[in-house]
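Have the sequence and the 3D view open as you go.

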Amino acid sequence: MARLLKFNIFRYNPQDPESTPHMESFVLEETDSMTLFIVLNRIREEQDPSLQFDFCCRAGICGSCGMVINGRPGLACHTKTKDLPDEITLLPLPVYQLVGDLSVDTGSWFRELYDTVESWIHTSKAFDPTAQEERMEDSMAEAIYELDRCIECGCCVAACGTARMRPDFLGAAGINKVGRFLIDPRDERTERDYFEIIGNDMGIFGCMGLLACEDVCPKHMPLQNQLGFLRRKMGITALKSFFKK
Amino acid sequence: MQTIYTDVLVVGAGLAGERAAIEAAEAGFSAICLSLVPSRRSHSSAAMGGMQAAMGNCAKGEGDCPDVHFADTVKGSDWGCDQEVARMFADRAPIEMRQLAYWGVPWGRVVPGKGTYYKGGKLYDKEEKEENRGLINSRDFGGTAKWRTCYVSDGTGHSVLYTIDNVCAKLGVEVHDKTESISLIHDGVTCFGAVARCLRTGELRVYLAKATVIATGGFGRIYPGTTNAVICDGGGHITALNTGVVPMGNMEAVQFHPTGIVPTEILVTEGCRGDGGTLLDVNEERFMHVYEPEKQELASRDVVARWMTHHIRQGKGVKSPYGDHLWLDIRHLGEKHITGKLREVYEICTSFLGVDPIHQLIPVRPTHHYSMGGVRTNKDGKAYGLSGLFSVGEASCWDMHGFNRLGGNSLAETVVAGGIVGKKIAEFLQGAEVTFNSSVIDAEVKKQQERIQNVISCKAGTENVFKVRTAMQDALFKGANIFRTKEGLEECVATLQDTLARARKVGLKSNGKGVNPELSAALKIEGQVKMALMLSVGALNRTESRGSHNREDYPARNDRDWLTRTLAYWKNENDDMPTLAYEAATEIFHIPPGDRGYGKSEIIKADTKAEEKG
Amino acid sequence: MSVPLTANHKSLQSHRFDGLLDWAQMLSGAGLILFMWAHMLLVGSVVLSPGIMNAIAEFFENTGMAQVGGPLIFLLFLAHFALAARKIPFRLEAQGTIWEHAKLLHHTDTWLWVIQAVTAMIILIMGSIHMWAVLSDLPISAAKAAKVLQEHSGWFLFYLALTPLVHVHLGIGLYRIAIKWGFAGRAERAALKRVVTLIVLVSVGISVLALIRFWFMAV
Ligand SMILES: Cc1cc2nc3c(=O)[nH]c(=O)nc-3n(C[C@H](O)[C@H](O)[C@H](O)COP(=O)(O)OP(=O)(O)OC[C@H]3O[C@@H](n4cnc5c(N)ncnc54)[C@H](O)[C@@H]3O)c2cc1C
Ligand code: HEM
Ligand code: HEM
Ligand code: SF4
Ligand code: F3S
Ligand code: FES
């Protein structure tokens with residue numbers, strides 16, 4: 001006989017004046033290769049069609065389905081019930097605006113981030129459609145991709161104590177985004193320019209090295225190394241600009 | 001009610017939509033993209049393989065040029081494509097790849113020196129030239145004469161989409177995510193924008209625009225199993241077909257992939273079989289060698305998918321709570337190979353199935369993968385039937401894919417077509433003077449409000465939307481699958497008509513307040529069933545086999561009668577059947593219909609005498 | 001049940017000094033670490049013989065380092081407090097948030113930070129008392145220390161409590177400096193943790209031995 005799994009799920013529909021935040025339990029029989037994607041869809045289709053949650057690719061690549069699973073932020077589509085105890089608690093990601101139940105608004109948060117860190121290549125060159133592409137070493141391309149892999153699921157931010165205490169903190173994902181452009185030879189911004197963005201307590205100096213980001217990131221982004229690298233780099237820039245002034 | 005004005009409204013913020021919006025924004029127009037999810041979560045991000053463009057930089061791509069790419073594309077389409085469009089596409093693709101590099105895509109680059117590669121399980125040597133060091137590299141993909149697929153590791157779609165979205169942020173292209181377009185505002189001649197539902201609050205909003213673009217991607221979710229994301233549900237197509245004047249092109253042209261994993265239907269690469277993996281049935285016995293003694297597991301995609309389905313129908317499938325499936329066996333390839341060259345597969349199996357492919361079998365079955373059909377447009381991306389309406393990307397039937405699209409060609413299509421169509425939109429806007437007719441707008445809003453009220457109050461009935469959806473999906477799965485017959489399709493159409501009646505009686509179980517997911521599903525179920533009908537009626541009528549459309553009762557490709565494109569209209573909202581029309585597949589022939597050079601099939605030539613029209 | 005706190009990074013004003021303050025925080029911490037190790041050797045040398053301790057103390061005394069250095073250390077101590085306290089949530093709401101967060105997350109490094117912040121507040125009070133007591137009654141000698149401890153077992157318990165608090169705070173601080181500034185990367189993290197644990201255990205061991213030695217020393 002398969003296990004009976006009990007899911008305690010956070011419920012609140014801010015658009016319904018009668019709704020109050022509470023936990024609700026659902027029971028499902030476990031099936032082979034069951035993931036939380038299957039679980040939540042079955043609950044919606046069989047038990048409560050108003051249950052809100054976000055999935056998109058359901059393959060661990062789009063970053064839609066971040067939620068707090070038994071205390072830890074993670075991707076729900078990526079999580080097998082086989083690895084979980086009989087009782088499973090699901091909460092929406094903190095930090096982000098709640099849309100309803102398990103669904104949060106990561107989109108607005110990240111969009112603001114793009115503007116804040118100006119997450120695009122800054123170049124004075126114009127594109128010439130008749131010219132051959134500019135050359136780049138393959139190893140450089142791979143290094144950039146390594147930092148470009150982040151799927152913006154928000155788990156690192158939700159797991160970060162600093163981000164929980166300081167609403168303006170850019171989080172590991174935000175700081176890493178700057179790192180991605182900093183190493184890109186096509187971006188003409190200087191270290192001073194990047195310093196303006198992350199050389200402060202909203203950025204790299206706000207990070208307290210809690211490393212929950214590193215430990216929950218479902219894509220295993222090299223966040224620890226990246227944060228260390230940028231703190232040194234920005235720390236040196238801070239000294240330089242202090243003495244040059 | 002909030003009303004938002006913009007020059008261009010792009011419904012869809014995937015690669016195609018955002019690329020088109022950039023073009024309009026660069027020409028000085030305001031652009032807003034709508035999306036169900038944050039733009040970067042659009043399904044374009046799931047494409048790993050790469051995009052085709054004849055760069056000709058790598059050793060195995062030497063001598064490649066747009067002409068060769070064009071020829072591959074036409075053959076791949078089984079001569080179903082518009083050759084003028086395919087030509088434009090092939091010519092423009094390399095420039096677009098360079099533009100992407102300029103914008104920041106970290107393309108894989110050529111590394112000079114000796115190297116090796118596998119083909120058909122055998123090892124070969126190659127040598128990259130020093131003079132090409134650092135130029136954009138390409139990898140090998142099916143159906144191409146040269147190595148032509150530009151890539152970023154195993155995350156091409158992801159990287160390109162992030163880059164394009166960055167450019168949008170830079171240019172001030174607004175993305176209104178968690179916003180679902182539910183209908184177009186039009187007067188039967190001109191499109192004025194869309195009515196959308198906010199997926200943060202559930203409120204309706206009106207978007208008024210001089211040009212509206214449907215770039216909503218594929219609609220795989222009308223099938224029960226698909227590699228497509230859960231948001232690929234055809235919502236954008238529905239708004240177009242509900243106008244009654246905009247036709248869908250070639251809805252019957254649907255691509256299936258042999259190895260989607262069960263239960264989550266995530267794609268595992270063809271490389272598994274390429275490297276020697278085998279397919280097993282319920283008795284853990286091979287079967288492909290019985291059906292295809294020569295090529296066995298390595299027959300072409302459509303052929304393997306067809307036999308797998310056949311075998312399951314024979315009762316040889318493995319029963320599971322998620323339906324019948326077969327096994328993919330790569331255990332004999334060994335740990336080193338699996339965690340090395342097939343690392344992606346290894347990770348998918350371990351993290352989604354809890355299956356260790358080194359010691360266990362992988363449950364697979366042929367799975368819906370891509371929709372060649374969609375909103376029919378001309379070569380400028382203008383939708384048939386309404387002025388001011390455009391479509392681009394997988395949502396459209398621009399028609400460079402005909403009846404079968406090549407791997408790597410659709411991701412490339414999104415940016416190439418996005419660029420071309422975006423320019424045309426900018427040109428269109430230059431002269432456009434639109435007066436928004438407020439009575440048309442008010443009427444559309446009222447209609448949508450009533451529709452929502454009726455579903456919530458169960459005015460027409462209390463059919464459960466999820467059950468109706470399952471009925472539709474099962475009907476398509478049974479009747480309009482990999483191979484099709486008259487009987488199967490007739491049954492499918494009959495079931496779908498019954499399902500349509502049920503869809504019209506859907507009512508909510510929950511209260512429908514706010515961002516109610518049941519309401520979202522209910523609002524599009526009728527449209528989805530209509531699309532399913534367009535697909536199955538189109539397939540029933542098309543009495544030939546072309547590309548991915550395989551009729552067991554008409555196995556030959558019939559260029560005499562069917563070198564055509566199906567146009568499906570839903571003329572009146574209350575009709576029970578679509579209205580079909582046909583047009584020539586292509587006005588201009590650069591390459592006359594001929595043998596594709598792979599996949600043996602009988603051809604009825606265009607110049608043979610017609611005896612009876614099927 | 002409360003709806004989770006939400007965040008937004010609205011405007012990003014330039015905080016030019018944040019970088020320098022972070023340097024200062026790290027350096028003050030590092031300085032205190034070095035001091036505490038030296039301090040541990042001074043006090044710990046009593047284990048070998050009270051004579052050595054007296055000799056070292058005398059050296060500091062004669063060179064004037066105790067008189068000047070003592071108050072300087074006290075200043076460093078206060079400076080470190082002022083710098084590091086920027087990171088401690090003093091608002092009740094934020095304290096609740098971080099506490100809830102740590103409890104839910106089951107994450108060692110997050111707990112370590114909570115421990116660091118809590119030990120910090122205790123050290124601030126106990127350290128100040130201690131320094132006041134020692135510095136207002138120079139010179140330092142093993143005999144004097146032993147006398148105080150044996151006569152007032154309260155002092156004994158006071159130090160017995162303070163020692164582990166200080167070394168745990170110090171150890172976590174050391175780990176964090178290495179992590180934050182990238183001296184230890186992903187590959188070194190586990191090893192670093194083991195080394196730091198070892199340092200903390202040995203330091204607490206030496207300090208407790210010293211206390212025991214004082215306790216049993218003939219006065
Ligand atoms: C698993 C997988 C792998 C693939 N790999 C490759 C590959 O390697 N190479 C290749 O060439 N092709 C590949 N493809 C195909 C290719 O990825 C897609 O065809 C292409 O990305 C589609 O892009 P798009 O911009 O048209 O649509 P999408 O990227 O799907 O974007 C659609 C957009 O429309 C929005 N939308 C949808 N409905 C509505 C609505 N009602 N209102 C508002 N917004 C709406 C969505 O939110 C989204 O933003 C793959 C496909 C799959 C499924
Ligand atoms: C002998 C005494 C002390 C030593 C050796 C010491 C050492 C350290 C070290 C090395 C760090 C790491 C610095 C960094 O990460 O930049 C640190 C951090 C910290 N210290 Fe101390 N400290 C001492 C006393 C105190 C006191 C009295 C307080 C009082 C409030 C305090 C509060 C903190 C806090 C809150 C942090 C964490 C800062 C952060 O995470 O960014 N410490 N300490
Ligand atoms: C100005 C600097 C300081 C001087 C001169 C000094 C001196 C001493 C002396 C002489 C002792 C032995 C016991 C005694 O005499 O009562 C002692 C013990 C101790 N001191 Fe300090 N101290 C200083 C600063 C600090 C600080 C900043 C801390 C930490 C916050 C600290 C923590 C301790 C502890 C925990 C003990 C217990 C004994 C042990 O380590 O074994 N001291 N100190
Ligand atoms: S860094 Fe990792 S955890 Fe953070 S958003 Fe990116 S993928 Fe998610
Ligand atoms: S969890 Fe937070 S504090 Fe820094 S190391 Fe990670 S961003
Ligand atoms: S649904 Fe895309 S990551 Fe989970």
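**Exercise 1. Examine helix α2(C) and what follows it.**

Start at its end: C:Gly64 follows α2(C) and has a positive phi, near 80°. Helices here are DSSP runs (H or I, at least four residues), numbered from the N terminus.

The model is predicted: local features need pLDDT of at least 70, side-chain atom pairs count only at pLDDT 80 or more, and totals for chains, interfaces and linings use all residues. Residues are numbered from 1 along each chain as its sequence is written, chains are lettered from A and ligands numbered from 1 in the order written, and side-chain values use heavy atoms, without hydrogens and water.

Next, find the buried residues (under 20% relative accessible area, 1.4 Å probe, protein chains only). They include C:Met53, C:Ala57 and C:Glu61. These cover an arc of only 70° around the axis (directions from the axis to the C-beta atoms), so they lie on the same side of α2(C).

Finally, ask what covers them: α1, α3, α6 (142-151) and α8 of chain C are included. Contact means heavy atoms within 4.5 Å.

**Exercise 2. Describe the surroundings of ligand 3.**

Count first: 21 residues surround ligand 3 (a heavy atom within 4 Å). By class, 15 are nonpolar, six polar and none charged.

Then assign helices. α5(C) gives the most, with six residues.

Last, list polar contacts (N or O pairs within 3.5 Å). A ligand nitrogen is 2.7 Å from a side-chain N or O atom of C:His39. For C:His130, the corresponding distance to a ligand nitrogen is 2.8 Å. A ligand oxygen is 2.8 Å from a polar backbone atom of C:Ser207.

Methods:
A polar contact is a pair of N or O atoms within 3.5 Å; within protein, one must be able to donate a hydrogen and the other to accept it, and residues adjacent in sequence count only if both atoms are side-chain atoms. Helices (H or I, at least four residues) and strands (E, at least two) are DSSP runs, numbered from the N terminus. Ala, Val, Leu, Ile, Met, Phe, Trp, Tyr, Cys and Pro count as nonpolar, Asp, Glu, Lys and Arg as charged, and the others, Gly among them, as polar. Buried means under 20% relative accessible area, exposed over 50%, partly exposed in between (1.4 Å probe, protein chains only).
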